[in-house]
Amino acid sequence: MAAHRKPRQRSTGAGTARTAATIALASAATATGFDGTGHAEPQLTPGQVKAKVDKLYQEAEVATEKYNGAKEKAEAAGQRLKNLQDQAARKEERLNSARDALGSVAAAQYRAGGLDPAVQLALSDDPDRYLDNAEFVERAGSRQNAAVAGVRKQLREIEQLRGAAHIELTSLKSRRAELKQHKKTITGKLGSARQLLSGLGPQERSLQDASRDRASRSTGARDTLGAPGSASSQATGSRAAAAVSYAYQKLGSPYVWGATGPNAFDCSGLVQAAYRAAGVSLPRTTYSQIAAGRRVSRSELLPGDLVFFYAGISHVGIYVGNGRMIHAPNPSAPVRVAPLDEMPYAGATRVV
């Protein structure tokens, strides 16, 4: 009889639980490996970290130049808006004076037994519409007619100014939104760079710092180029020489995105400040600076020429001779002398 007994049914719930446990154990074994250790993300070498950080700095600089351009346009829009508002305020003062004068005429006419329609229209809530009725204009005396026409003209001018101010205000809001977006991009890129650098051990970080310091000494020391006066004497003119001299004085100044001196700079800010000190006004961004003078070939370079880098023209320096420039590199290094070959060369401009 025992051979004919039915096999005992397994509990469905228990089977499911055992299956889930088996899968979980298998997953854990896969994740940890047979020796019980996890498979972490591969550790980047210091060289790989440097490459990634350099790329982040370059991307941040692209965003910085866009920020600088948007800021320049926002400031211009803000100034135009202020000028329009000032003009409107002055015209409103003159309009109020004209309406006060007509009000005095109205009071005199009322005391005399009537109010001239021409004065009525100037004092109405909607004088422009009232003036469209030729019947009333024809009844106005010539003197009052001229006064009313003046009020009407001033009203229209004020409305035009208000319309133009509204357009500038819209432009200003748009530029401010651009600024906010570019600032977010910049801070994000720089934050990612800092995070990568913080992942380096103390020894790796000190090796990178030592390497950077050696590069700075080999390219940044003034005696490797001769005296700054030597570079200035080869410049294209007195103003270019003055710009080169200013750049030498700023060696060691920190890089700060969006800064134009006198104590900190970004790349285009240093160039703008150097030429401002020489009495030359340059645009704010690399994109505009490259078009601010006459393009010259690399073989024609002279101290004071502006040298540009990367396909997007996102970096600029001031050429000082011997194949070298002074520039504000990025947040990892101060203003320094560097070889032109440090970055992908894009072109040059002679501004004076």
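This is a predicted model: local features need pLDDT of at least 70, side-chain atom pairs count only at pLDDT 80 or more; totals for chains, interfaces and linings use all residues.
**Helix α9 and the largest nonpolar core**

Several residues of α9 are buried, namely Ala240, Ala241, Ala243, Val244, Tyr246, Ala247 and Tyr248. The largest nonpolar core comprises 31 residues, and α9 gives the most to this core, with seven residues. The elements that each supply at least two residues of this core are tabulated below.

| Element | Residues |
|---|---|
| α9 | 238-249 |
| α10 | 267-277 |
| β2 | 306-309 |
| β3 | 315-321 |

Within the core, the residues with the most contacts are Phe265, Tyr275, Leu282, Leu306, Ile318 and Ile326. Leu306 touches three of these by name, Tyr275, Leu282 and Ile318. Apart from residues up to four places away in sequence, the partners of Leu306 also include Val271, Gln289, Val316, Gly317, Gly347, Ala348, Thr349 and Val351.

A second, separate core contains 21 residues, among them Val49, Ala77, Leu81 and Leu200.

Thr286 belongs to helix α11, which covers residues 286-289. Thr286 has a relative accessible area of 0%, so it is classed as buried, the cut-off being under 20%. Neighbours within four places in sequence aside, Thr286 is in contact with Glu65, Cys267, Ser268, Phe308, Ile313, Ser314, His315 and Val316.

Conventions. Residues are numbered from 1 along each chain as its sequence is written. Side-chain values use heavy atoms; hydrogens and water are left out. Helices (H or I, at least four residues) and strands (E, at least two) are DSSP runs, numbered from the N terminus. Buried means under 20% relative accessible area, exposed over 50%, partly exposed in between (1.4 Å probe, protein chains only). Contact means heavy atoms within 4.5 Å. A nonpolar core is a set of buried Ala, Val, Leu, Ile, Met, Phe, Trp, Tyr and Cys residues joined through side-chain atoms within 4.5 Å.
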